[in-house]
Amino acid sequence: MSLPPANAAHHDAPRPPDRDALVRQRSVAKYARRAAAYDASCGPTMPIRARAVALLRLAPGERVLDVGCGTGLSLPLLRAAVGATGAVIGFDHSEAMLAQARARVAQAGWREVTLVGCAAQELAAQPALAARVDALLFHYTHDILRSPRALAAVLACARPGARVAVAGIKYFSGWLAPLNFWVYLKNLGYNGAPGELRSPWDRLAPRLHDWHFEPTQWGMGYLACGLLRAEAGVPAEAVR
Ligand SMILES: C[S@@+](CC[C@H](N)C(=O)[O-])C[C@H]1O[C@@H](n2cnc3c(N)ncnc32)[C@H](O)[C@@H]1O
């Protein structure tokens, strides 16, 4: 009996489905449906957004990246903090969401705000991010936080020591834990990979120092910040 060549398995094995691609596909489809009503659903989290931006301690002239910027609800706060001499860069893979962000920028006439339609996983190829940023805002960006490839690509855009603020949804702990199925369903409407809500920050936190964390919304949310470790900017290509 003749044996197959040593590399036959390599050629014949079906390629595993790319998890990021599946998650992104679901996310883009969800936001195509959700974009029109998105801003109206954000009222309860607006104070958390303001606090997350404040944690970045932005100064005039700095460069800040609004990760998964969506419809651009954080842009006015970020633009006000960095001023006309700074730069705000926002990116999102949902054209439906980004269209509203573009309208917001055009209406305000902000020339220092750049919007990029791309996936987090593709950031390395974006000219707008050729120079590293001083700060990163992750505001309700669960899918990006849970993808090692997306997270590495975002962190690679920031200088060592960059300030990072993160806010999002998480499971309740303790006596409110029986409500967690409802939390999961809530997150399902907004994310391609709605699970992993016990500690959604746990891929980001080890890449930061001076980590500060607080639960919000009676434990259904969190707000945290830290400084990017020098070695945290692993090139996205290195993450599988
Ligand atoms: C819950 S919304 C938050 C939007 C905005 N940060 C805010 O606070 O209003 C999550 C956003 O992340 C975007 N997103 C999810 N995965 C992404 C990815 N891999 N690359 C780029 N954008 C992504 C979605 O399209 C969506 O606009």
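This section describes the sheet of the predicted model, a helix packed on it, and the surroundings of the ligand. Residues are numbered from 1 along each chain as its sequence is written. Because the model is predicted, local features need pLDDT of at least 70 and side-chain atom pairs count only at pLDDT 80 or more, whereas totals for chains, interfaces and linings use all residues.

An open sheet of mixed pairing is formed by 7 strands in the order E3-E2-E1-E4-E5-E7-E6, where strands (E, at least two residues) and helices (H or I, at least four residues) are DSSP runs numbered from the N terminus, and two strands pair if DSSP finds at least two bridges between them. Strand E3 (113-117) and strand E6 (208-216) are the edge strands, each pairing on one side only. Neighbouring strands are turned against each other by 15 degrees on average, direction ignored, with axes taken as lines fitted to C-alpha atoms, for helices over the stretch in contact, and angles running from 0 to 180 degrees between N-to-C directions.

Strand E2 (residues 87-92) pairs with E3 in the parallel sense over 5 bridges, and Val88 has Val113 in E3 as its bridge partner. Helix H4 (residues 75-82) packs on the sheet and touches strand E1 (63-67), E2, E3 and strand E4 (133-139), contact requiring C-beta atoms, placed from the backbone, within 7 Å; the direction of H4 makes about 155 degrees with that of E2.

The ligand is surrounded by 23 residues, of which Gly68, Gly70, His93, Ser94 and His139 are the closest, a residue being counted if its C-beta atom, placed from the backbone, lies within 6 Å. Helix H2 (19-38) and helix H6 (142-146) each supply at least two residues of this shell, and the largest share, 3 residues, comes from H2.

Technical notes:
Two residues are in contact if their C-beta atoms, placed from the backbone, lie within 7 Å.
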